[in-house]
Amino acid sequence: MQLDAQSKEAPAKNLVEPEAKTEKPLDEDIRLLGRLLGDAVREHEGDEAFERIETIRRLSVAASRNMDQDAAAKLDALLRSLTAKEATSVIRAFSYFSHLANIAEDLHPLKERARALADGGTLDEPSLARSFSHLRKAAIGPGKIASALSRGWISPVLTAHPTEVRRKSLLDAERAIFTLLAAHEHLKGKERARNEMELRARVTQLWQTELLRESRLTVRDEIENSLSYYRSTFLREIPRLYGNIESKLDGLRVPPFLRMGAWVGGDRDGNPNVTADSLSTALRMQCETALRFYLAEVHALGAELSISRRYGGATKALEDLAARSGDDNPHRDNEPYRRALIGVYSRLAGTLEKLTGQQAMRHALAPGEPYANSWALLADLVTIDESLRVHHSEVIASQRLEPLIRAVEVFGFHLATLDLRQSSDRHEETLSELLAAARVAEDYAALPEAEKQQLLMRLLSDPRPVRLPDRVYSDRTMSELEIFERAVEMRRLYGDEAIRHYIVSHTETVSDLLEVLLLQKECGLMRGTLDPRDAEAVAADLIITPLFETIGDLRNAAPIMREFYALPGIHRLVVNSGAQQDIMLGYSDSNKDGGILTSIWELYRASTALADVFASIPNVAMRLFHGRGGTVGRGGGPSYDAILAQPPGTVNGQIRLTEQGEVIAAKYANPQIGHVNLELLVAATLEATLLSQHKAPAPEFLEIAEELSRSGMAAYRGLVYETDGFVEYFFASTPITEIASLNIGSRPASRKPSRKIEDLRAIPWSFSWAQARVALPGWYGFGSAIATYLEQDHKARLELLQRMAAEWPFFRSLLSNIDMILSKTDLQIARHYAELVEDRALAQRIFAMIEAEHARSIDALTQILGTTERLADNPALARSIRQRFPYIAPLNYIQVELIRRHRAGMIDDEIREGILMSINGISAGLRNTG
């Protein structure tokens, strides 16, 4: 961070070290933003505060990059001496620098891509263009690609997991800075000066804005935050992406295959704040977002399509649409397109009023008859489009109308498919009360699994309901039933795609799936019964989606699904309901349960086993839903590589994956970056589906992976679950307690009020370790596994591991992710967190175990990859990390000091605020932390 561009003691060359010609623009952008931030600090905080921050920066740079022990000691002493108020000012400065550096780094590859293409060059990096090139070389033509896409389903699903610590106000300001910075280098003279003044204003806005929320987010807040990404990115960029794809398919049109999913407002697992009312609120707000976008686009089209009947011409269908519009303004009598669009706008305004209770912004006509569904709107837009094309105005149609038509196809009136999710034990509890009241089963929960299945199958074959109409049930039971009942209403209002999936968390038995099916039957989401006489009529509205999370659950996934489909009537039910079976795989809990190696390997094995199961089930397509988080320990890392690393036969054009926490902002806050990330999802899915190079790994690779998994799990569980005092060490040496009080989500940090690792949510588990710069869930156990494997026949076995890295995308992706997460660890900083543990012997004992495994893991990567340099295959990220570390370190040191004071009883709002701000800053600096 060059806060002072004129600083003689720390010239720019010491801060930004160009490693290649292409890095110079990035250095200049970072230097510009750092200078503007420094100016804001000096102006608002004064010279003394500015000099203090600059001193800290210089010392941290010397300590981090030059290993200057004297500088490190001075830095530690200075940071310990800060008052809470001074610490807060320092935290804000370094935190905002990280935010600004992120903007510059996100913009840099877009600039480089634009320069390369402008010079007539090509980019050898993952992209849709490169994937189409690979497909052409493999003799896979447009027809085959279009056919695959027509059967495809790609869905990023936005969730509300609490690791996004930035406020929406800051995200909006950062979007503005991104846009201004993108234009900066192309401007000269007064325009460039004006641009810099606008940048200065936005940076000043950041400095004067609260980093933290003053109150905990509500579910409604989370809904609104998630919808901001549709307004900024998805509503425009997804139609653009379809246009780009079709331009590469010789004009072939593909049906919608890329659609958005959502959890915000429907995910009840462990979140008592999500209710039937929040479900209604989410879908109403989603609908309003879609309709207001359509209204704005139709209004703009009305202004653009001033085509006269005399010169442009119109089809009879278009003339009829104009005649039905109700617009009798004589000034538009000869403008049928404009009149037709006024009618469309009027009906859309009526639809908005009916579905959301809100009013349109403009009214040439009063709100008209609401559209019955989005298909009716689509039909009117297609009528306009066809008339334009018939009368030689295709160039006009392609600019705004065609993207709008595609948007309506993709987003409908629901915007995104909202998933319902609840834990299996809540379903069991609900049915236990219903069945006891109906005198069907006195204690359903106590029944053996076989008896549960028999009872549930009998009830699913009986048309009579179990629920008693006059019975008063408990609030918890009514809350669950109301969700199903509200889903019926929401689907009727917003369309069948508004709610399509019901995710069963903690699926451990077949009865967990049958319970949700019975609840659908009880609440009107299932027609017919499993009785053979109803075979042709039986259908369920919601796809029951098991979520297999722990290591044990993943190992049981294939047997459970095989047993489920063996039950009489189930196969027919699924075929009649759309012939689609979604299965969700959980990365977070499996990692917390067994460590990184075993988690990733068991996910691979489960995926393969499930593909084998569904290969023998006719007429049902399996679609895997990957519950990935931001960190490597939660399945994070590049989505492109992750999709290509999936086992053969498990993608087949079908994939859903969660986008969580701060990763959503990193990927989709900016439309250009969002477009690139959406492209990569499609590119990877096409390659994984169509390219023959994605072949099964050698059998010995699978055997080695199994062996590594066993050793890695033993090492991981040996530390986390079998080492005395580990729980105490974790809670003391990380900011887990403080994270629980940060207003970053509506969901509690723990499933139960306990300090057991088993009960802690995987998100704060990973988030805490990242803050303490250990990132333990992303690598622990890897070094021991490799060391154990290489104990015998070292040379031959090492060559095998190197072959695996070269030939197997799964293993290569795993190594790449571990390499990345180890590059973000810093045990020198982590040692300061260990000093927060009062039991010094305990701290030394456990930290020594962590330190030894860290060394083993670094050594393992060095041997397999053949280099001591971390991230050798990703120099841009390596450079970014090296540049960032000096600016993250002060935040860590201050956080430790403030936590020490807070836990010592210094109850001070400024101290608490400083801790929470430091969490924000470290998260921004490390990026994929939650």
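Which side-chain oxygen reaches to within 3.1 Å of the backbone nitrogen of Trp-375 at the start of α14? The oxygen belongs to Asn-373. A polar contact here is a pair of N or O atoms within 3.5 Å; within protein, one must be able to donate a hydrogen and the other to accept it, and residues adjacent in sequence count only if both atoms are side-chain atoms.

This is a predicted model, in which local features need pLDDT of at least 70, side-chain atom pairs count only at pLDDT 80 or more, and totals for chains, interfaces and linings use all residues. Residues are numbered from 1 along each chain as its sequence is written, and side-chain values use heavy atoms, with hydrogens and water left out.

Helices are DSSP runs (H or I, at least four residues), numbered from the N terminus. The expected span of a helix is 1.5 Å times one less than its number of residues. The spans below run from the first C-alpha to the last.

| Helix | Residues | Number of residues | Span | Expected span |
|---|---|---|---|---|
| α9 | 189-207 | 19 residues | 27 Å | 27 Å |
| α10 | 219-247 | 29 residues | 40 Å | 42 Å |
| α14 | 374-390 | 17 residues | 24 Å | 24 Å |

Helix α10 has a kink of about 50°, centred on Tyr-230. The bend at a residue is the angle between axes fitted to the seven residues ending there and the seven starting there.

Helix α14 has a set of buried residues, including Ser-374, Leu-377, Asp-380, Thr-383 and Leu-388. Buried means under 20% relative accessible area, exposed over 50%, and partly exposed in between (1.4 Å probe, protein chains only). The cover over the buried residues of α14 includes α11 (276-304), α12 (316-323), α13 (336-356) and α15 (394-411).

In α9, the buried residues are Asn-195, Glu-196, Leu-199, Val-203, Thr-204, Leu-206 and Trp-207. They pack against α2 (24-45), α5 and α8 (168-184).

## Two positive phi angles

Most residues other than glycine have a negative phi. His-392 is not a glycine, yet its phi is positive, at about 65°. His-392 sits in the loop between α14 and α15. Is His-392 buried or exposed? His-392 is exposed, with a relative accessible area of 77%.

Arg-773 also has a positive phi of about 65° and is not a glycine. Its loop joins α30 (762-771) and α31 (782-789). Arg-773 is buried, because its relative accessible area is 0%.

## Nonpolar cores

A nonpolar core is a set of buried Ala, Val, Leu, Ile, Met, Phe, Trp, Tyr and Cys residues joined through side-chain atoms within 4.5 Å. Which residues touch the most other members of the largest nonpolar core? They are Tyr-294 and Phe-411, in a core of 292 residues. Helix α5 (residues 84-118) gives the most to this core, with 14 residues. A second, separate core has six residues, among them Val-157, Ile-503, Met-584 and Phe-625.

Contact means heavy atoms within 4.5 Å. Leaving aside neighbours within four places in sequence, Tyr-294 is in contact with Leu-348, Leu-377, Leu-404, Ala-407, Val-408, Phe-411, Gly-412 and Phe-413.

Tyr-604 lies in helix α23 (residues 596-615). At 6% relative accessibility, Tyr-604 counts as buried. Beyond residues up to four places away in sequence, Tyr-604 touches Ala-645, Gln-646, Pro-647, Pro-648, Pro-697, Leu-702, Trp-808 and Phe-810.

Leu-597 is buried, because its relative accessibility is 8%. Among its contacts outside four places in sequence are Leu-708, Gly-712, Phe-782 and Leu-814. Ile-818 is 221 residues from Leu-597 along the chain, and their C-alpha atoms are separated by 9.8 Å.

## Glu-522 and the cysteines

Glu-522 belongs to helix α19 (residues 510-523). Glu-522 is buried, with a relative accessible area of 12%. Neighbours within four places aside, Glu-522 contacts Arg-464, Pro-465, Val-466 and Arg-467.

How many disulfides does a search of the whole structure find? The search finds zero. A disulfide is a pair of cysteine sulfur atoms within 2.5 Å. Cys-287 counts as buried at 0% relative accessibility. Cys-523 also counts as buried, at 10%.
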